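Let's take a walk through this fold together, from its overall outline down to single residue pairs. Have the model open beside you as you read.

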Amino acid sequence: MKKYLKHSLFLVAVGAFYCCSNDDSKQDNPETQPVKEASLSLKLASDFTVSRYNAVTVDPEVVIENGDPALAEYKWTVKATGTNGTVKDSVIGDTKTLQFIAPKAASYTVNLTVILGKLTKQVSTKVAVSETGKTYTSKVISVIDYLPAPSYSSDNTPFTTKAEVMAQIQSDLTEENGISLGTFGGSIVTAFDHTVINTYGKRDFKVLMNENNGSLKFSPVSIYVAYDANKNGIADENEWYEIAGSEYHKSTTVKNYEMTYNKPDPAKAAATGTKDWQFDKEYLKWTDNKNAFGFITKTKKWRRYNYYPQWMGESYTVKGTKVYLPVKDVSDGEGTVFNVGTFEWGYGGIKDPSIDISWAVDNNGKKVHLPGIDFIKVFVSTFAEAGATDLVTSYFIQAEDLNFSKSK
Ligand SMILES: [Ca+2]
Ligand SMILES: [Ca+2]
């Protein structure tokens, strides 16, 4: 024991000596060396090729000496001809690497300006965008997946298999009939026939839902987007990002919320409430991943309908971000008239349902930069009942590319 103690003391002494001698040496060397001037040099391949609505990575070689690379500012511009024939530079990016993507086949002159303190350097390249021979549409054209949550008025599609349901939903999308998503967790995944470009500094697509109509109120919906980065034509699990709208950072927003809906037993006697419209207060049982449970009330008006999608088995679980929707009874507690709130920006079913792809975030809430998106998922992120007017639900109609170019 003694031996170890001695040894340790010796180490401490050496450490102390080393530390002090190091400090001394610093004092012996006053900072007389001149500050080296920063230098910046750029290199970029002279041309790139890609086809219309596809992204090509334009990756410059940036060499910075005696300067902090984190302080470098990047500005990508492309020469665009305006409607009156004037040629102007449009900003298309502000990151070191550019994902160039264009709606029209043409030859583009792309310039990069890098600013580092007092230094400014420019470099330019050509991107040749070729035709694909395909015709594109501005709206989503196919349904990839569909999972409705309970809803009062749709009878949740009188089918027994998912294949039958999907055929009906695809036809409803084409006809723009309005597709019932129900309450929390109801969702639809749709695909465009082209990549919706994330236009710099602009909103890129809009989501069309059915609108509030008299006493019938609908919920805003959350949007998730996927860019087919690996080009396999599939929205892979790791390609999805949530659009972080106005409610995303609020304390009332619950991430990774899960609800399980249980199929009501048709043989069960209805538990009527004190109000005339409360046909069965214990109609459809739900549980969540916060150890809570409750029942969706069946209202008198919809008593002959199934709220539960009959093809979904005995129970099913939905998951995603839950957003608080203010719902206020304005009928002196009668539960017959309600005010339903809305969200400011970044959702479907609101006053301005246009979305900037740059609002996309990953699972940790960190902003991601996507060159565009191929798939969108519309998800009912609220859970609210409005008395006699029943569940606050949503219907998806369409989604549309806002900067779509019809001409080739
Ligand atoms: Ca954008
Ligand atoms: Ca993919």
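The radius of gyration is taken here over C-alpha atoms, and the globule rule it is held against is 2.2 Å times the number of residues to the power 0.38. By that rule a compact globule of 408 residues would come out near 22 Å, but this protein has 29 Å. Its C-alpha trace spans about 90 × 85 × 40 Å along the principal axes.

A word on what you are looking at: this is a predicted model, in which local features need pLDDT of at least 70 and side-chain atom pairs count only at pLDDT 80 or more, while totals for chains, interfaces and linings use all residues. Residues are numbered from 1 along each chain as its sequence is written, and chains are lettered from A and ligands numbered from 1 in the order in which they are written.

Of the 408 residues, 31% count as buried, meaning that 20 or more other C-beta atoms, placed from the backbone, lie within 10 Å of the residue's own.

The protein is divided into domain 1 (39-130) and domain 2 (142-401), with bounds that come from an automatic or database domain assignment. Their C-alpha centres lie 40 Å apart. Where they touch, 10 residues of domain 1 meet eight residues of domain 2. On the domain 1 side, strand E6 (residues 87-93) gives the largest share, three residues. That side holds six nonpolar, four polar and no charged residues; here Ala, Val, Leu, Ile, Met, Phe, Trp, Tyr, Cys and Pro count as nonpolar, Asp, Glu, Lys and Arg as charged, and the others, Gly among them, as polar.

Now for the secondary structure, which comes to two helices and 25 strands. These are DSSP runs numbered from the N terminus: helices are H or I with at least four residues, strands are E with at least two. Two strands pair if DSSP finds at least two bridges between them.

One open sheet has six strands in the order E10-E12-E24-E14-E15-E23, with antiparallel pairing. Its edge strands, E10 (142-147) and E23 (360-361), each pair on one side only. Further in, three bridges join E14 (residues 222-226) to E15 (residues 240-243), and Tyr224 stands opposite Glu242 in E15. Helix H2 (residues 162-175) lies across E10 and E12 (187-197), running at about 125 degrees to E10. For such angles, axes are lines fitted to C-alpha atoms, for helices over the stretch in contact, and values run from 0 to 180 degrees between N-to-C directions.

Another open sheet, of four strands, has the order E18-E17-E16-E19, again with antiparallel pairing. Strands E18 (293-299) and E19 (315-322) stand at the edges with a single partner strand each, so one side of each is left without a neighbour in the sheet. From one strand to the next, the twist averages 35 degrees.

Three bridges join E16 (residues 254-262) to E17, with Met259 partnered by Asp288. Six bridges join E17 to E18; among the pairs, Gln278 stands opposite Thr299 and Trp286 has Gly294 as its bridge partner. E17 and E18 form a hairpin with four residues between them, and Asn291 in the turn has a positive phi of about 65 degrees.

How values were computed. Buried ≥ 20, exposed ≤ 12 C-beta atoms within 10 Å, placed from the backbone. Contact = placed C-beta atoms within 7 Å.
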